[in-house]
Amino acid sequence: MASTTAPSSLESFLSTLPPDLFDQTTLISLASTVAILLAAYSLSRVALDPKTTTSRYRFLFIWHAFDALIHFCLEGSFLYHCFFSSAPLGHLDPKEVFVDPYNYLGRIDKVHGAQAVAGRFVDGVVGGPAKAGDVGGGLLEKVVRGTAELWMVYAKADKRWAGVDLSVVSLELLTVLVVGPLACWVCYDIAKKNSRVNIVMIMIATAEIYGGWMTFCPEWLVGSVNLDTSNWMYLWLYLAFFNGLWVVIPAYVIYVASGEIMGAFKVRDAAAKAKKSL
């Protein structure tokens, strides 16, 4: 007599994983983040004096170096695709395309973003950097296609990053052009032991927490129509973890920096009281 057994908990867990979890593009995308973190750590080993830098400020240096590299390398590539990678609207699969806002960059017949390079095209139409961005061949073409494929991986969790969402693009312009350089300034000030760093860190942290809110609040208000939370990887790794980092750590930054500033005020107040008592 044949018998049936309930699927094991491992099998149940594996069934919730996305089918492309271990494909090359996904693994390279995740590895790129680890590589950037290692680069930030290596920079801290070169720039900071281990005898005079506290572990707290070494962590903050690594975080801001990592932050700047993420903004410049990854989010900068996102902006590149939003402005320079395009394809005719009818060439992409209408079931998957993220249509541009009306009259974006003065065009109504194009779609922009990573999808224009690495999206799903209709039968008979071949997409690629030569058509979507006019970058030519060689190394530059590989970089353009590679970054497009990276963003298409993340777009599986949040479709807005495949194309152009005006709220996201507007925030990323500030992030790459303003917050990125400020993060570099923080690293410089930590290395030089400049107390000004606490003010700049609070500015960056406040901007990043606000940016996180403005990235997701508009989406929540329309029922998260562009978010895919159907499996744990999209929900907890791509959406919760990677975005949560830019809330939890900036909150810690504000805690540390405000404590340093308040400590300076206490010293000043104590000196003022001592002066009055003379």
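Modeller: Helix axes are lines fitted to C-alpha atoms over the stretch in contact, and the angle between two of them runs from 0 to 180 degrees between N-to-C directions. The model before us is predicted.

Colleague: At what angle do the axes of α3 and α6 cross, and within what distance do they come?

Modeller: The two axes cross at roughly 150° and come within 8 Å. Angles over 145 degrees count as roughly antiparallel, and therefore α3 is roughly antiparallel to α6. The contact of these helices comprises 21 nonpolar, 5 polar and 3 charged residues.

Colleague: Is the crossing of α3 and α6 left-handed or right-handed?

Modeller: The crossing in which α3 passes α6 is left-handed.

Colleague: What span does helix α7 reach from its first C-alpha to its last?

Modeller: Helix α7 covers residues 197–221, which is 25 residues, and reaches 36 Å, close to the 36 Å expected at 1.5 Å a residue. After α7 comes G223, with a positive phi near 85°.

Colleague: Which helices do the buried residues of α7 pack against?

Modeller: They pack against α3 (55–84), α5 (139–154), α6 (166–192) and α8 (232–277). Among the buried residues of α7 are V197, M201, I204, E208 and F216.

Colleague: Y210 also lies in helix α7. Does Y210 count as buried or exposed?

Modeller: Residues over 50% relative accessible area count as exposed. Y210 has 52% relative accessibility, so Y210 is exposed.

Colleague: How far apart are the C-alpha atoms of Y210 and L171?

Modeller: A distance of 9.8 Å separates these atoms, while the two residues are 39 residues apart along the chain.

Terms used: Residues numbered from 1 in each chain as written. Predicted model: local features only at pLDDT ≥ 70, side-chain atom pairs only at ≥ 80, totals over all residues. Heavy atoms only, no water. Helix = DSSP H or I, 4+ residues; strand = E, 2+ residues; numbered from the N terminus. Expected span 1.5 Å × (residues − 1). Buried < 20%, exposed > 50% of the residue type's maximum accessible area, 1.4 Å probe, protein only. Contact = heavy atoms within 4.5 Å. Parallel < 35°, antiparallel > 145°, perpendicular 65-115°, else oblique. Left-handed = near helix turned anticlockwise from the far one by under 90°. Nonpolar A, V, L, I, M, F, W, Y, C, P; charged D, E, K, R; others polar.
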